[in-house]
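Please keep the structure open while reading.

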Amino acid sequence: MLLRSPHLASEEIPPFELKGSLFTLTVLHLFQMNRVAIERHLVEKVKQAPSFFNNTPVVIDLEGVTDSPEGLDFNGLYELLRTHGMVPVGMRNGTPIQQAAARLAGLPTLPESRANGGAKKPDKTEPASRNRIVNHPVRSGQQIYAPEGDLIVLGAVSAGAEVIADGNIHIYGALRGRALAGVRGAAETWIFCQSLEAELVSIAGRYRISEQLDSADRGKAVQIHLMEDRLVIEHLTR
Amino acid sequence: MATVIVVTSGKGGVGKTTTSASFATGLAQRGFRTVVIDFDVGLRNLDLIMGCERRVVYDFVNVINNEANLNQALIRDKRVENLHILPASQTRDKDALTKEGVERILAELKQGFDYIVCDSPAGIERGALMALYFADEALVVTNPEVSSVRDSDRILGILASRSRRAEQGDAPVKEHLVLARYAPERADRGDMLSVDDVLEILGIPLLGVIPESSTVLQSSNAGVPVILEDSSEAGAAYNDLVDRFLGKALPHRFTSIQKKGFLKRLFGGG
């Protein structure tokens, strides 16, 4: 008992705690400040869906308002919305003058819409694909690696050259060097080439060297993949 | 603006220096101000093949080290106008070639010449890298055998990745294939790779096929670039090669077996 920290020893429950949470809120996009027009439209909406307007919290968005922002009476708007079953809980957008008026009426200003702001844009800079296209022949002594994607070679892979990919390997030319697909263990990867003259082909660590290639496959357009953990070489039909 | 052309191969003994000497001579004969530089520091040969070894006073490395100026080191060819030779040093090694030094000398040469031909040493080390680094175009010399073709493939990879043009993202070095020491009858028998075999592996345009010929050996021992031996097949092939380089469309000769007629057998000409 003595070892217990005073904090834990306390039986008292704190009066409150603060936690973040997400809510779906209805946003009221105002386009004009004409009180009569707003009320007429509100009555219509309530008629259509009376159950919706039952102390429904709303956020007032002023981005679309074009006319006389100074003439807006926030208290009046608040009362109008309350009488029709809506509880304004905040506002967003609008000019600094509008924001000040809203604060005076007791409405906090919420951050701008993410859909309109720049916050969402960085997501779109993600690369379209992690595949790598090599538009020149791969010469003896060169090594080309495509991490996390396919490697596409628009030309021959020379003897003494090495092409490596975490994904598939496509060679639009003769494969005379070494090709290693799925080097990080992806067993469902394939190798394709226009003419099989390879020194070595490997998929997910299962490999075959030049000597072990069937002479019937030599110089042929082939696809290579794993079937039951064994390398299978099939001719491409033209 | 002068054009820098490297003559390279990867493998030794395939005919780089023979090609450099004849190519530079051919360009000069056609009126272009041409200089040929020996990059084979420590194993200089170009001056022997050009027949000017007794006139070497200062060399490439002396100029790089500011021990002599370019005009003192350049040797004027006695046979062909417009042709100059910048010999290599026989007493240094290839570490004497610095990128800054080579760049400075090439910049100076560009003021006075149309073509700068760089005769590369064999291998893929410093000397060869310095010879190709500043090149605009490359003559890749290959013999019709597997090891030579493999080494040329390696050099083509280096041209495409480690030349200044590659590093700076400029237009790539323009590649030309020179197939030297070719014997059509041996290719026919399968003892040698054929022209088509080599082209299929290397995949670059063929500039010329130089037939295997005893004239090459004789003229290089005599210190005369073989292109000056007009009557020989090798000399004719080099003349075609230079014309093709300058834009003439000429068919390739000496690529198939020629039946020797009676007169030809009588008077030789091989």
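In this predicted model, chain A holds an open sheet of six strands in the order S4-S6-S8-S10-S13-S14, with mixed pairing. Strands pair here if DSSP finds at least two bridges between them; helices (H or I, at least four residues) and strands (E, at least two) are DSSP runs, numbered from the N terminus.

**The sheet in chain A**
- Strand S4 (132–134) and strand S14 (230–235) of chain A are the edge strands, each pairing on one side only.
- From one strand to the next the twist averages 25°.
- S4(A) and strand S6 (residues 151–153) of chain A run parallel and are joined by three bridges.
- A:Arg132 has A:Leu151 in S6(A) as its bridge partner.
- Strands of a sheet pair through backbone hydrogen bonds, either parallel or antiparallel.

**Helices H1 and H12 of chain B**
- Helix H1 (residues 16–29) of chain B packs against helix H12 (residues 233–245) of chain B at an angle of about 60°, and their axes are 9 Å apart. Axes are lines fitted to C-alpha atoms, for helices over the stretch in contact, and angles run from 0 to 180 degrees between N-to-C directions.
- This angle makes H1(B) oblique to H12(B), because angles under 35 degrees count as roughly parallel, over 145 as roughly antiparallel, 65 to 115 as roughly perpendicular and the rest as oblique.
- Residues in contact (heavy atoms within 4.5 Å) include B:Phe23 and B:Leu27 of H1(B) and B:Tyr238 and B:Phe245 of H12(B).
- By class, this contact of H1(B) with H12(B) has six nonpolar, six polar and no charged residues. Ala, Val, Leu, Ile, Met, Phe, Trp, Tyr, Cys and Pro count as nonpolar, Asp, Glu, Lys and Arg as charged, and the others, Gly among them, as polar.

**Helices H6 and H7 of chain B**
- Helix H6 (residues 126–133) and helix H7 (residues 146–162) of chain B cross at roughly 55°, their axes coming within 10 Å, which makes H6(B) oblique to H7(B).
- H6(B) also passes H7(B) in a right-handed crossing.
- B:Leu129, B:Leu132 and B:Tyr133 in H6(B) meet B:Ile155, B:Ile158, B:Leu159 and B:Arg162 in H7(B).
- Six residues of the contact of H6(B) with H7(B) are nonpolar, none polar and one charged.

**Confidence and conventions**
- Chain A averages a pLDDT (the predictor's confidence in each residue, from 0 to 100) of 83, and 85% of its residues score at least 70.
- Residues 117–122 of chain A have a pLDDT below 50.
- Residues are numbered from 1 along each chain as its sequence is written, and chains are lettered from A and ligands numbered from 1 in the order in which they are written.
- Local features need pLDDT of at least 70, side-chain atom pairs count only at pLDDT 80 or more, and totals for chains, interfaces and linings use all residues; side-chain values use heavy atoms, leaving out hydrogens and water.

Key:
A crossing is left-handed if the near helix is turned anticlockwise from the far one by less than a right angle, and right-handed if clockwise.
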